[in-house]
Amino acid sequence: MNLNRRSLLKISAATMAASSIGLPSFAQSIDELVIAYNVNLPSWDPTVGPSAVNPTIQGIYQSVFDQYILQQPDLSPAPGLLTEWGWNEDRTQVWMTVREGVTWHDGSPFTAEDVAWSLARVANPETGSPIQFVWGTLANHRVEGNRVIADVAQFDPTIFKWMYFLTGYVLPKAYYEKVGPEGFEAAPIGTGPYMVDRFERNAFVRLKANANYWGGKPDFETVTIKFVTDATARVAEVESGNSHVTLEMPYEEYDRLKSGALAGVSAPISDIGMIFLNDIEVMNDPNVRKAAAHAIDKQAIIDRLLSGYGVKIDTLQTPEYDAYDPSVTVPYDEAKAIELLAASGYSRDNPVRFKIQTTRGFKPKDFEMIQAIVGLWRRVGIEAEIEVYEIAKHFELRGADQLAPAAFYNWGNSVGDPTTSTGFAMFGPSPHSVWDGADLIGMIGPLWGEQDEAKRIEGWKAVDRYIAENALVIPLLQYVQPILHAPGVVVTPHASGALLPHLMKRA
Amino acid sequence: MSGRQRTEATDNAVIKVLATRLLTTLVTLAGVAVIVFFVIRVVPGNPIAMMLPPGATEEDIARLSALYGLDKPLVTQFGIWITGVLQGDFGTSITTRQPVLDLVLGRLPATLELAIMALVIAVALGGTAALIGTRFRGGKREGAIDIANGVALSVPDFLWGLVLILLFGVLWPVFHISGRVTPSLDLPFTTDFYLIESLIRLRLDLTADLVAHMFMPALALAIPLAAIIGQLLKQSLKETMNLDYVTLARTKGYGETQVILREALRNAALPTITLVGVQFSFLIGGTVIIERLFSYEGLGNMAIDAVINRDLPLIQGIVLLFALIFTMLNLIVDLLYAVLNPRLRHG
């Protein structure tokens, strides 16, 4: 066998040439926008099943389907398929005016019937909507001209906010009834800016611009969203030119690449990092809780671990939320933490001990953040043992009120209402809260049905102040979402964290 | 022993192996079905907890549990599931709302094609290394091959994947980093065996695109296996090279390379063939991580999503299919061994 160096090189070159025939050629101008997305899309029904409540998928859904109400990049609502909405005077009914002249992707007209049917469908317990407990507060949906009316079975001040939140999508009544759930999965249609051209599960979805979109035809005629779940592969995708846009990569990689051939945009999103405190064991001692809160230098953690990409928070509200109150602060104060612990008989020589649970790799530097916090706690007299758990275990433990005394978690609230942040996280009777104090339940209870909006928001601010003063939870930071893109694209970030192709323009 | 008697002995050996292994396969699959069903329900995390947002009440949890049939006693749930499986109904995926069997069978071809390509690469690389190592045994080239084998074995496949992405995806971008096929291509295929069908249809443009997507994940899977094949085959060849019939071939004037290829390789290959069969099962298992890394739309990638989402029916379907593949491959290897092994073949 005569295999010399020259022939080996020839074979290698031939192999490479043959293999690279199928590679796409990304010219300077972008004809087809390619996005490397960080999650898979399991299902096309945005109202039912686990996908419907997965915040990271909402960007894909919003490319194809419209929500009842449009949410702008700063989280504020705007007219969408509904142009106007509200309650009647005694708040026993809701009314919605439906936009005219809109068509579904199959060319059929969008009507008020579609809105009424969509709302009634998710309110029906048999449909299996995970948010049925919200949609079920409306009943007897009916159409009057281009208006939809529904009776209020139970007043929920956030009902219209849910219309631009999880599962708040309008589906085509006639088409869905004709093709059924399986047919809809195979060929979904909406009224959104893009139409589904081709979908390969676990691989990609190819979208075509909807020329009749009521909000104007998107800039890019064709968009391919590749599902690239590994961060390293996503970075390689944009670095090699195989994709034009990607999101969610290590901040170090983001800094490295945006200073080179790629451009980058980073903006705070509605996700926060926090530490749940469970009212068990030593967490029943207010001095321990307050010391744990004061001993954390949040800004240093953001600067050193997250390369500065994060916003320090002291309540469960971020600056974009409706009940954000900048006057509520929990400053980093090591001396005060030592003093508080001393009052309960703890010191560095006699530390208070408890367990803290955290995910590892679920959010950027989650485990490292908890390691840093445990280090800071050790300096004041807190010895915390770290237990790593999966996010699925967190949900189960939280539901059963069996979280450790401290547990790291991230909370998303893209509608910015205090109900869906402080409310759900801290209201004891909820199966998702682990703080069961009667005083807090007493404060939150009346706010669920408060009809005076200004009074409601002030009430939540008071709750947040009480929580901060008593250290019933430890808010840490608001996350910043890094997006890398080719210089030929202008990306508008959305504070909900959704990466929306129709907000992307040619540079 | 006459030729006819030998044939009968071979047939008997094959039938005996076949009968025994079919029986154990059924027992194994039944055991796997029981274990996977109960284990995934015991480990923390359930699909309802993953699905319900904060604010849901206990009644909401009960309602959804009933909707997905998770409110019944475990034994009843198992009975419903296994009855369906025996009738070809593996249930419906919670996350995708599609029949599990359709999902699993739809993804299996992609994984099989990837594993077969990895196997071909591994055999080519490992075989070449073994041949060169044997041809130049005792020299520097054999030493270099041993070192390369050691490195290939000690680095896990996903790390090879990262190295390949850096080399051939970023620094010298000749291969695709993610996916199975370029989204903009129109596919005329009627089956999910894209690579095979593109070859049958002589659509070499699609073949090239598919290979450009599959090459890096296949190579990452193949490198550790190539090292194993290389080591084992080289060892077998070196032992064979000392046998009398090989010496006789040399005295006939054959060159060393001819002796290896024409005389020694055939006999030395038997243990390697057995190993390749067994390793192919592990290769399919190894696709789970590699498919994820390269966003390859195979069964492994789907398995990870199923586990993350606690999609119990889908996890059960995938695990059962993996178990079926493993047992069937082992059965085929045993049969091949029974046919090829001279001691069995000759009664």
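Tutor: We begin with A:Trp435, which is found in the loop between helix 14 (422-426) and helix 15 (438-444) of chain A. Helices (H or I, at least four residues) and strands (E, at least two) are DSSP runs, numbered from the N terminus. The model is a predicted one: local features need pLDDT of at least 70, side-chain atom pairs count only at pLDDT 80 or more, and totals for chains, interfaces and linings use all residues. Residues are numbered from 1 along each chain as its sequence is written, while chains are lettered from A and ligands numbered from 1 in the order in which they are written.

Student: Why is A:Trp435 classed as buried?

Tutor: A residue is buried if 20 or more other C-beta atoms, placed from the backbone, lie within 10 Å of its own, exposed if 12 or fewer, and partly exposed in between. A:Trp435 counts as buried because 20 other C-beta atoms lie within 10 Å.

Student: Which residues does A:Trp435 touch?

Tutor: Contact requires C-beta atoms, placed from the backbone, to lie within 7 Å. Leaving aside residues up to four places away in sequence, A:Trp435 touches A:Leu277, A:Asp279, A:Met426, A:Gly428, A:Leu440, A:Leu472 and A:Val473. A:Val473 is 38 residues from A:Trp435 in sequence, yet the two are 8.5 Å apart in space, C-alpha to C-alpha.

Student: Let us turn to sheets. What is the strand order in the open sheet of four strands in chain A?

Tutor: Strands pair if DSSP finds at least two bridges between them. In a regular strand the side chains alternate between the two faces of the sheet. Here the order is 4-5-7-6, with antiparallel pairing. Strand 4 (82-87) and strand 6 (138-144) of chain A are the edge strands, each pairing on one side only. From one strand to the next, the twist averages 15°.

Student: How many bridges join strand 4 and strand 5 of chain A?

Tutor: Strand 4 of chain A pairs with strand 5 (residues 93-98) of chain A over five bridges, in the antiparallel sense. Within this pairing, A:Trp85 has A:Met96 in strand 5 of chain A as its bridge partner. Helix 3 (residues 112-123) of chain A lies across strand 5, strand 6 and strand 7 (147-152) of chain A, and runs at about 170° to strand 6 of chain A. Such angles run from 0 to 180 degrees between N-to-C directions, with axes fitted to C-alpha atoms, for helices over the stretch in contact.

Student: What can be read from the hairpin of strand 8 and strand 9 of chain A?

Tutor: Strand 8 (residues 194-200) and strand 9 (residues 204-209) of chain A pair in the antiparallel sense over six bridges. A:Tyr194 stands opposite A:Ala209 in strand 9 of chain A. Three residues separate the strands, and A:Asn202 takes a positive phi near 65°.

Student: How many helices and strands are there in chain B?

Tutor: Chain B has 14 helices and zero strands. Of its 347 residues, 40% count as buried, and the C-alpha atoms of chain B fill a box of roughly 85 × 60 × 40 Å along the principal axes.

Student: At what angle do helix 5 and helix 9 of chain B pack?

Tutor: Two packed helices are described by the angle between their axes and the distance between the axes. Helix 5 (residues 100-135) and helix 9 (residues 204-240) of chain B pack at about 35°, with axes 6 Å apart. Their contact has 21 nonpolar, five polar and two charged residues; Ala, Val, Leu, Ile, Met, Phe, Trp, Tyr, Cys and Pro count as nonpolar, Asp, Glu, Lys and Arg as charged, and the others, Gly among them, as polar.

Student: How many residues does each chain bring to the contact of chain A with chain B?

Tutor: Chain B brings 55 residues and chain A brings 59. On the side of chain B, the largest share, six residues, comes from helix 3 of chain B. By class, that side of chain B has 28 nonpolar, 17 polar and ten charged residues.

Conventions: Two residues are in contact if their C-beta atoms, placed from the backbone, lie within 7 Å.
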